[in-house]
Amino acid sequence: MNTARANIVVKGMVQGVGFRYYTYHHAERLGLCGYVQNLYNGDVEIEVEGDKGMIYTLIDAVKAGPRSARVTNTIINWKEPKGEYHSFNITG
């Protein structure tokens, strides 16, 4: 497995539309670990670790978002994996 870690910030109309739950279900299905949370400025932040190919699949999913969301931008910062997450959670 090609393990990677990414911090993803999703911008647009992404709060109050089920975006965190949408992300959670995709990450769980893909076997990824980390978290998703709302930010005070209206963005959603995702910190994710796992197989790099599965992270790319998650990125594609969050760029589309749930039906009621309107994603205008995604900012992706790749990091060194730390192995500190053991599941995927909704926080904040």
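Contact means heavy atoms within 4.5 Å. Axes are lines fitted to C-alpha atoms, for helices over the stretch in contact, and angles run from 0 to 180 degrees between N-to-C directions. Helices (H or I, at least four residues) and strands (E, at least two) are DSSP runs, numbered from the N terminus. This is a predicted model, in which local features need pLDDT of at least 70 and side-chain atom pairs count only at pLDDT 80 or more, while totals for chains, interfaces and linings use all residues. Residues are numbered from 1 along each chain as its sequence is written, and side-chain values use heavy atoms, with hydrogens and water left out.

**Exercise 1.** Determine how the helices are placed against the sheet.

*Solution.* 
Step 1. Five strands form an open sheet with mixed pairing, in the order E4-E1-E3-E2-E5; two strands pair if DSSP finds at least two bridges between them. At the edges are strand E4 (70-79) and strand E5 (88-91), each of which pairs on one side only.
Step 2. Helix H2 lies across E1, E3 and E4 and runs at about 155 degrees to E3.
Step 3. Strand E2 (residues 33-38) pairs with E3 in the antiparallel sense over six bridges. Tyr35 has Glu47 in E3 as its bridge partner.
Step 4. Helix H1 packs on the sheet and touches E1, E2, E3, E4 and E5; its direction makes about 170 degrees with that of E5.

**Exercise 2.** Is Asn7 buried or exposed, and is Lys52 buried or partly exposed?

*Solution.* 
Step 1. Buried means under 20% relative accessible area, exposed over 50%, and partly exposed in between (1.4 Å probe, protein chains only).
Step 2. Asn7, in strand E1 (residues 3-13), has a relative accessible area of 9% and is therefore buried.
Step 3. Lys52, in helix H2, has 27% and is therefore partly exposed. Leaving out residues up to four places away in sequence, Lys52 touches Asn2, Ala4 and Trp78.
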